[in-house]
Amino acid sequence: MQELSDNRRFGPQDYNAKGKLKKKVYVRELRRLQLELVKLQHSVVESGRRVVILFEGRDAAGKGGVIKRITDMTNPRVVRTVALGVPSDREKTQWYFQRYVEHLPAAGEIVLFDRSWYNRPNVERVMGFATEEQVQRFMHSCPEFEDMLISEGIQLIKYWFSVSEREQEARLKARVEDPAKRWKLSMMDIKARDLWADYSKAKDEMLKYTDTEVSPWYFVDADVKRHARLNCIAHILKKVPYEDQPPPAPELPPRKWANDEEDRVRKPIESYVERLY
């Protein structure tokens, strides 16, 4: 597992007393990186590249926040987010990787998995939703599955977001206190609070099998959300080849304006639209 280093573009003056990047510096750098993502998106479309990025980690580690910043300024038809729910009874009888395969990218697409097939050796294993036989089968078949994707020309990037126990607890409590964030907190998350050591053990064993030379894991220190977001996006920009130029600006032809008084006259909006207030 390779650890992402902090962005070295910043000096001591860019951090506050708590060691967190100042908000105005963070916003400026995020904007710069998002513009680079637009260039990357254009290159992916032009080249027909297929990219899969996995975001894994503990609950409240900040995976969703990074994904949101990636997709803020990109085209959802090109950069797609996949966040699958609980498998149906039918899906439970399928080959384990089957329901993920149908979401893989076509040419000119980037797919962001907010949790992925790595549910099996982590959440499913710790919470008792998978048998030990199923887990061990996954450990041996997953590297082969990923090798197959890569040999087919799909670029696969895997990120593990790590958050300390104390920071996770603070974020979970913030979700309880904020009505707008309570939807993020499930009963599964609450139960997982008491299984910290089990999740750590499961992650360590998962890494033994799936952190390979062909498909390595990248470790993101996510205790400070601003740093994690910038470091992860900057790393994606390094890993996915792209041309350092924005999409060409199209020329707008002269506008054809209405040329007679009758075309310009419109009925009052109240005559055909129900007022909302």
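This is a predicted model: local features need pLDDT of at least 70, side-chain atom pairs count only at pLDDT 80 or more; totals for chains, interfaces and linings use all residues.
View 1. Two or more lining residues come from each of the helices α2 (63-71), α3 (89-92), α5 (120-126), α6 (132-151), α7 (165-177), α8 (187-192) and α10 (225-239).

**View 2. Residue classes in the lining of the largest pocket.** Charged residues number 21 in this lining, alongside 17 nonpolar and nine polar residues.

**View 3. The largest cavity holds about 90 Å³ of space.** The structure contains six cavities of 30 Å³ or more. The lining of the largest cavity is formed by Leu-37, Leu-40, Gln-41, Val-51, Ile-53, Ile-70, Thr-74, Val-79, Ile-110, Leu-112, Ile-236 and Val-240. Helix α1 (23-47) and strands β2 (50-57) and β4 (109-114) each give two or more residues to this lining, and the largest share, three residues, belongs to α1. Ten of the lining residues are nonpolar and two are polar, with no charged residue present.

**View 4. The second largest cavity has a volume of about 70 Å³.** Its lining consists of Gly-57, Arg-58, Asp-59, Arg-115, Asn-122, Val-123, Trp-160, Tyr-199 and Lys-203. The elements that supply two or more of these residues are the helices α5 and α9 (196-210).

Definitions and conventions:
Residues are numbered from 1 along each chain as its sequence is written. Side-chain values use heavy atoms; hydrogens and water are left out. Helices (H or I, at least four residues) and strands (E, at least two) are DSSP runs, numbered from the N terminus. Ala, Val, Leu, Ile, Met, Phe, Trp, Tyr, Cys and Pro count as nonpolar, Asp, Glu, Lys and Arg as charged, and the others, Gly among them, as polar. On a 1 Å grid over the protein atoms alone, a cavity is a set of points where a 1.4 Å probe fits but cannot get out, and a pocket is an open set with protein on both sides within 12 Å along at least five of seven lines; lining residues have an atom within 4 Å of a point. Grid points are joined across faces, edges and corners, and a volume is the space filled by probe spheres set on the points.
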